[in-house]
Amino acid sequence: MNSATGLLGKYRDLVIAIALFLVLDLGVLLFNFYASGRIEADTSKINASGELRMYSQQLAKALLTLAQELRDGMPIQTSQAQISESHANFRKALAELARRDGRDDAIAQWLSREALANEADLLRRIETYWQPLDGTVVPLLGKENPEAIDVEIAVTKVVARNIKLMQLANDLTQHLETEAVATAGRLRSIQITAILLALVNFAFIVFKFVRALRRSDRVAEVAHEETDEILATLREGLFLLNADGSIGSQRSLSLDNLFGRPVRTGERLSDTLAALVEPDTAAVAADYVELLFKDRIKAGLLDQLNPLSEVAVRGEGEDGRQRRHLSFAFDQVRKDNKVAALLVTVHDVSEQVRLRSELAGAEEQLRRDVDLLLAVLDRDPGLVAAFLVSAEEKIELMNADLQQVEPEASAYAGMIDRLFRHTHAIKGEAATLGFGTVAREAHAFEDRLVPLRRSGNISGKELIPLAVALSGLREQLERLRGVYDKASNFARPAQGLDPVLRQIERLTRHVAQDLDKQVRFEAVAAHLPVLPESLATLLREAVPQLVRNAVAHGIESAEERLRAGKPAEGRVRVEVERQAGDILAVSVWDDGRGICADSLRRQLVDSGRKSTEEAARMSERDLFALLFEPGFSTAATANPHAGRGVGLDVLRELVARLGARLKIATVPNSYTRFTLLVKA
Amino acid sequence: MNRLLIVDDSLVMRSRIARLCASGAVGGIEIAGQAANGLEAIEVARRITPDCVTMDLTMPEMDGEACIAELAGLLPEARILVVSALSDKATALRAIKKGAHGFVHKPFSDAQLAAALKELMQ
Amino acid sequence: MSYRSLRPADIEVFSEAISHFFATATSDPAQVRSAYVIERGDPILWNDYNGVINVDGGFAGCVAFSAPRSLLSHVLLRMGEQDFTDEKHRDIVGEIANILSGRARRHFGEGLSISTPAAFCGRDNAVTPRARSTPYAIPFRWHGYDADLVVHLDVLA
């Protein structure tokens, strides 16, 4: 019902147009009938009108002949017969003219009301003139011997009226002829108009119909294109899964890409999955799909159990990096409340998974190098012990920091800075002593800290890897502690400066080797029977940083030195001396490129920390002070010895803690000397 | 009116589900009984023949999976919604296979559970 | 038996579970503050109420939810509870521990077999360490209350 109305609705215009066309055609046909009838009638009236004139003349002539024959006593039968004939013919023509058929109807009235009125008027006048004639002629007809007097009277009347009658008949004929031509013209116009209308209507129908057809063709075409388009370009795969577990023929082309191979109609999903995902997952998925085909189960209530909601694709990038992940969604297609099929949508969610796993950042466990640890035992046990105590203390501080930190951006930032300093100090000391495993753990910890330090917006969750990294660092220290405790039973700590300086020399060589530089280490030390604690701390924590700095930043590459007219081998010297007033001075000197105030200014401007004008206004003293700010580094890229912007930063804290003083002396392209002054 | 049996070893969870149903957030449901473990659930179910059941999985005495299997035999018409914190899918699917109809993760919001219960009763 | 200790991703799953639990169950998010290592010798449970889930299967250890009474009362209130008995607090602390470790099975898989919760009050020393690796604490803040989820877990190899 609805669709029938709809159909009529859709084709309403067309139906009306065709109906109109038929009506017009029929109208034209009927009108033709009418018109031909009218023309025929007009023709016969024109003839009749002509006859009136003729018979009127004949009658007059016959009467005159009769009168003459009566006067001459001749036989009168012939003329009497002529009179009778003309009289009868006249009346017949008059009757013909008086016939009103086809002249009183609406169409005739509408076509030629005035003309018809004129016609009737003329006819009436003819009758008026004819009536007396008729009255005089009729008595003459039946008699064998009409009275001469009667004939004379009739002759007189007929002759007198004949002229007028002929005149009137003439008028009528003319009128009828003119009117017939006019009517025929009007009829023709109407016919032409109707035919034109029908033609227009026909054209309208053709236009309308063709347009509707073309439009529907186009819509169908577009719809078709769209479907093709959608199925071809959909990034997500789409297919119908039949109850027998086979993949239906309706599916998107992208499925082939997603699955990494062409999919066949009728292929079983379980086979597809077996090749695509881990066997465990495939098994769970088979269970899941089976459940979805159970009529009692509603897909919506099982969404949370979909094992394919985010599944790794097998056999690609086994390193876990470029592994693709797909997400399958299932919808039940029900017929009569029975699950007939499943509509399955497949998305590639690799990108989302990758982003998440990057955040999670599963860390590779560091190799534990017990052998190296054991080799470390040839170091001075006193130094190892001191290192362990200070490192353990720092770990404890760091963990307490993690435990107590308030969840605020500023608190996080401050904590990250502290963690960085502690870690860097541990790394420096560990490297000095040659504890590679500890140094590597500390370096890894720093790697974790770097992105957090740059990020202005840290969340508590991001600190989780730090706890794990800290635990790793702690584990290495515990290992070292275990070995040390055992070893310390049969080792005696050495005294004095020598062991410390030997460690520093070892560090210098190590850093120089790593950075491919030629460096000679020199040590000049005053004789000190006991090592004051403040000096020991400086030598353990500060000097390694300064030496590292001297080699990494101060000493140039061999080629650069030669170009500058210096010996290829650079020099790094550590001096320990007693100064007046119980002051101990430790200095680290190198004959490298010195610190250039202008290049510091440039670096400040390049990093966007200062404008050109501000940088230009800064004094050398202020510029050098920047070296001790957290995060400031003069090396272009980070390596284990430079570039993190930590180091001098540690120094500043240490100097503050010990109440020491720090001096810098430098000449570009000549030397740099850092001197630490501390009370003995 | 659908009669609901709530099975969960947590008293708080049971009363939360009960309150949600009583609040009218889920129309056409009334609490017919509660049970704190699988054995108790079977016993209560025999007595009250519920139309719907919410079922925890990790429970003492008898766990949810075994309980579902029993209930499916006992009350084949009853609809069972698993409400559990167990999020590994194989276990949950096993439980559903034994005769449950749907699954909702703990923790859930009121809206989540209400929607699941409505769908369960449809 | 050899084991590996937890990786950041292993612990993050618990942090995610905390966020998810509070967001879903109370519609107020919890703020995970940080994560830290529990020092050897320190008790792993220290708050008013502690819910402990023992973990077996391919794992050894426990997951413990340690919270002040006030936090639990507030959660109970959010869940529409009217009376705040000791029993209700023990119940909810155990249930939260159960839900949080249940969610971890998403990450660790079916092998992570979890016990029904045991609830303790205060610094009960009833928990003997079942894992050898480092215990981690994930401190978080919800509605101004501080609580911790403790993860002490060995992944057996």
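This briefing describes chain A, chain C and the interface between them in a predicted model. Local features require pLDDT of at least 70 and side-chain atom pairs count only at pLDDT 80 or more, whereas totals for chains, interfaces and linings use all residues. Residues are numbered from 1 along each chain as its sequence is written, chains are lettered from A in the order in which they are written, and side-chain values use heavy atoms, with hydrogens and water left out.

**Chain A**

- Chain A contains 20 helices and ten strands, where helices (H or I, at least four residues) and strands (E, at least two) are DSSP runs numbered from the N terminus.
- Of its 680 residues, 44% are buried, that is, under 20% relative accessible area with a 1.4 Å probe, protein chains only.
- The accessible surface of chain A is about 35500 Å², and carbon and sulfur atoms hold 54% of that surface; such areas come from the Shrake-Rupley method with a 1.4 Å probe.
- Of the contacts (heavy atoms within 4.5 Å) in chain A between residues at least 6 apart in sequence, 68% link residues at least 24 apart.

**Chain C**

- Chain C has three helices and nine strands, and its elements follow the order β-α-β-β-β-β-α-α-β-β-β-β from the N terminus.
- Among the 157 residues of chain C, 61% are buried.

**Interface of chain A and chain C: extent**

- The interface brings 26 residues of chain A into contact with 23 residues of chain C.
- About 2200 Å² is buried between the two chains, 51% of it from carbon and sulfur atoms; buried area is the accessible area (1.4 Å probe) that two parts lose on being put together, summed over both.
- A:Lys461, A:Ile464 and A:Arg474 supply 26% of the area that chain A buries against chain C, more than any other three residues.

**Interface of chain A and chain C: interactions and composition**

- One salt bridge is found across the interface, the criterion being a side-chain nitrogen of Lys or Arg within 4 Å of a carboxyl oxygen of Asp or Glu.
- C:Arg141 and A:Glu406 form a salt bridge in which the closest N and O atoms are 2.9 Å apart.
- On the side of chain A that touches chain C, the elements giving two or more residues are helix 8 (350–360), helix 10 (381–404) and helix 13 (464–488).
- Helix 13 of chain A gives the most to this side, with eight residues.

Key
Buried means under 20% relative accessible area, exposed over 50%, partly exposed in between (1.4 Å probe, protein chains only).
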